[in-house]
Amino acid sequence: MANTKPSNMAKSKPSSSKPSSKPGSKPGSKPSGLGEKKRTGKPRKAKEEVKTSREKQGPKKKRRTYTEKELGIPTLNMITPAGVQKPSGKKKGKVFVDDPDSLQTILAMVNAEKEGQIESKMTKARHMEEIREARRKEAEARHESKRSKLEETKGELKRQKKRPSESDSVKPEGEDSQARGKAKKRVSFG
Amino acid sequence: MRPLTESETQTLFTKLANYTGRSLTNLITETITTPNSKTPDRHVFRIQGCRVYYVRESIANLATSVARDNLLSLGTCIGKFTKTGKFRLHVTALDIIAPHARYKVWVKPNGEMPFLYGGNVLKAHVGRWSEDCPEHQGVVVMAMNDTPLVSRSSRSGFLGNGY
């Protein structure tokens, strides 16, 4: 019996309170060596019962872990902000563009943009050229009108200069008419 | 050494398109038949450090066996990305750009040296030039024997007085 005691004690340590809680044990009885000996039979049975019940249940079931989506926790209350979180299963770091098709698409975009810019520049240049041409024509017309005016005034002046000479020449004309009235002088060498 | 990302490719193409226009497509699709390989080889853009290289794909694939720190350069250097993300062309890119250039200006021999020493291209020095060249457009300046001298933008100061 002395041999069994320590082993018994060691085994029954976790369930040491059980025998006292059993309905058969007397409440308030003082613990003594004899009392313990008597009680040793009953806890064994209880222990076996516990063991069997555990064996029936099998290994301890894992508690189900809920994902954040299932719990429906608002994203703003999370530790990581909503924007920072990266989708799992995607490539880390930079995404390279190396295949000719994607290069062509990027190139087409760039080309369209550049073409638009060049086209707008060309239309602007053409428009400016038109305006310049119109201005040049206007200036030319103004210059022409100025010159014609000048010519006109010149001609007028010339005419004005000519008139007095004509008036001077009128007098001799009158004389001539008078002279014409007279008989022509004739010289005869006869 | 690595391929370019999408934003980097866009920046590079925008810069190159200033000078080449639509024919930039040829740079990507151009292939070379080599005797060793069965399939024709194409050219690709690769970035090493901040510099961008235009290199044959087979060479670029071989270069992956060299550590980044040990690889100095490969292919033809096109230019470099600045720390602010802009792209700056290097003069080595001239040989690649010049055949595909949209607008060109040919400078007479008497205007070559003044231009190469930093002077403007004077009206008197222009031998011929591409028609319908708009203002502030990227052009390639060439000698009369079709040797590319430099690529610049056709701003008013660049082409002397009257242009």
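Helices (H or I, at least four residues) and strands (E, at least two) are DSSP runs, numbered from the N terminus. Residues are numbered from 1 along each chain as its sequence is written, and chains are lettered from A, with ligands numbered from 1, in the order in which they are written.

**Stop 1: a histidine in chain B**

Select B:H100, which lies in the loop between α4 (94-97) and β7 (104-107) of chain B. Its relative accessibility is 11%, so B:H100 counts as buried (buried means under 20% relative accessible area, exposed over 50%, partly exposed in between; 1.4 Å probe, protein chains only). Not counting residues up to four places away in sequence, B:H100 touches B:Y19, B:T20, B:S23, B:N26, B:L27 and B:E30; contact means heavy atoms within 4.5 Å.

**Stop 2: a salt bridge within chain B**

Next, select B:R2 and B:E8, whose side chains meet in a salt bridge (3.0 Å, N to O). The term denotes a side-chain nitrogen of Lys or Arg within 4 Å of a carboxyl oxygen of Asp or Glu. B:R2 is buried at 13% relative accessible area, and B:E8 is buried at 14%.

**Stop 3: the interface**

Display both chains: 18 residues of chain A are in contact with 27 residues of chain B. The area buried between them is about 2,200 Å², with carbon and sulfur atoms giving 62%; buried area is the accessible area (1.4 Å probe) that two parts lose on being put together, summed over both. A:D98, A:L107 and A:K121 supply 22% of the area that chain A buries against chain B, more than any other three residues. There are 2 salt bridges between chain A and chain B. Select A:E115 and B:R102, which form a salt bridge with their closest N and O atoms 3.0 Å apart.

**Stop 4: helix α6 of chain A**

Select A:E144 and A:R147, joined by a salt bridge (3.5 Å, N to O). Because they are 3 residues apart in helix α6 of chain A, about one helical turn separates them.

**Stop 5: confidence**

Helix α6 (residues 100-181) of chain A has the highest mean, 84, and helix α2 (residues 18-21) of chain A the lowest, 44. Over residues 1-37 of chain A, pLDDT stays under 50. Where pLDDT is low, the predicted coordinates should not be read in detail.

How values were computed: Predicted model: local features only at pLDDT ≥ 70, side-chain atom pairs only at ≥ 80, totals over all residues. Heavy atoms only, no water. pLDDT = per-residue confidence, 0-100.
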